Amino acid sequence: MTQIALFHSVLGVRSGILDAADRLRAAGHDVRVVDQYDGLVFDDYATAGAHVERIGFPALMAAALDGVADLPDGFVAAGFSNGAGMAEYVATQRRCGGLVMFSGALPLAVLGVSTWPDGVPVQLHVADGDPLRNREWDEAFLADVGAAGAPFELFEYPVAGHLFTDPGLPAEFDAPATELLWSRTLDFCARAALSRS
């Protein structure tokens, strides 16, 4: 069992986030869903993006750290889309046991960070046809992780949905890709738990 801090996408804590938390809990992990929107959810990316712009990334990053302030070191940070960036930032500021990112990554420089922390493993899951994907950012981030000598795994799925694991977004959801993603994610989290024991 490991502690996991789970960060939501730009759309908020939708059914896909709750489903993710349930899957992780069913595997025996202790999961905290960090709600940076205080219950607010969105149905489209444009409106949600405008909300993020109003709040601002510095405030969201501070809220991300506040949301895990009482967790002991060694937890796994995980997040979807915008939340992947939040989890990434948290993993550079706290002693994490690993980082799992769904639907994107940010170059460390965007977060104001120069190097990836020693030995913190990373798993990145992306849709190959995601119209919101920034491949250069993914590559820059993984290059930073590799330069630090940390292990990383990149998994690309032959689907087009940005949040393809969210059953509440039928135009994006892909069941087979979702099951494969979760088998890989649960394996990563189990390894993180073993490394702490």
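Biologist: Is Ser-103 buried or exposed?

Modeller: The general idea is a cut-off on relative accessible area, where buried means under 20%, exposed over 50% and partly exposed in between, with a 1.4 Å probe and protein chains only. Ser-103 has a relative accessible area of 10%, so Ser-103 is buried. Before we go on, please keep in mind that this is a predicted model, in which local features need pLDDT of at least 70 and side-chain atom pairs count only at pLDDT 80 or more, while totals for chains, interfaces and linings use all residues. Residues are numbered from 1 along each chain as its sequence is written, and side-chain values use heavy atoms, with hydrogens and water left out.

Biologist: How many aromatic pairs does a search of the whole structure find?

Modeller: Rings of Phe, Tyr and Trp (its six-membered ring) pair if their centres lie within 6.5 Å, and planes under 30 degrees apart count as stacked, over 60 as edge-to-face and the rest as tilted. The search of the whole structure finds 5 such pairs. One of them, Phe-80 with Phe-102, is stacked, at 4.3 Å centre to centre and with 20 degrees between the planes. Phe-80 lies in strand β3 (residues 76-80) and Phe-102 in strand β4 (residues 98-102), so this pair ties together parts that are 22 residues apart in sequence. Phe-80 is buried at 3% relative accessible area, and Phe-102 is buried at 2%. The rings of Trp-116 and Phe-141 have their centres 5.4 Å apart and their planes at 90 degrees, so that pair is edge-to-face. Phe-80 and Phe-102 also form one aromatic cluster with Trp-182.

Biologist: Which residues of α5 are buried?

Modeller: An α-helix has 3.6 residues a turn, so residues three or four places apart point the same way. In α5, the buried residues are Asp-138, Phe-141, Leu-142 and Val-145. They cover an arc of only 95 degrees around the axis (taken from the directions from the helix axis to the C-beta atoms), which puts them on the same side of α5. The face of α5 turned away from that buried side carries the exposed residues Glu-136, Glu-139 and Ala-147.

Biologist: Which residues lie nearest the centre of the largest pocket?

Modeller: On a 1 Å grid over the protein atoms alone, a cavity is a set of points where a 1.4 Å probe fits but cannot get out, and a pocket is an open set with protein on both sides within 12 Å along at least five of seven lines; lining residues have an atom within 4 Å of a point. The largest pocket is lined by 19 residues, and Ser-81, Asn-82, Leu-132, Trp-137 and His-162 lie nearest its centre. Helix α2 gives the most to this lining, with 4 residues. As for the largest cavity, its lining includes Phe-80.

Definitions and conventions. Helix = DSSP H or I, 4+ residues; strand = E, 2+ residues; numbered from the N terminus.
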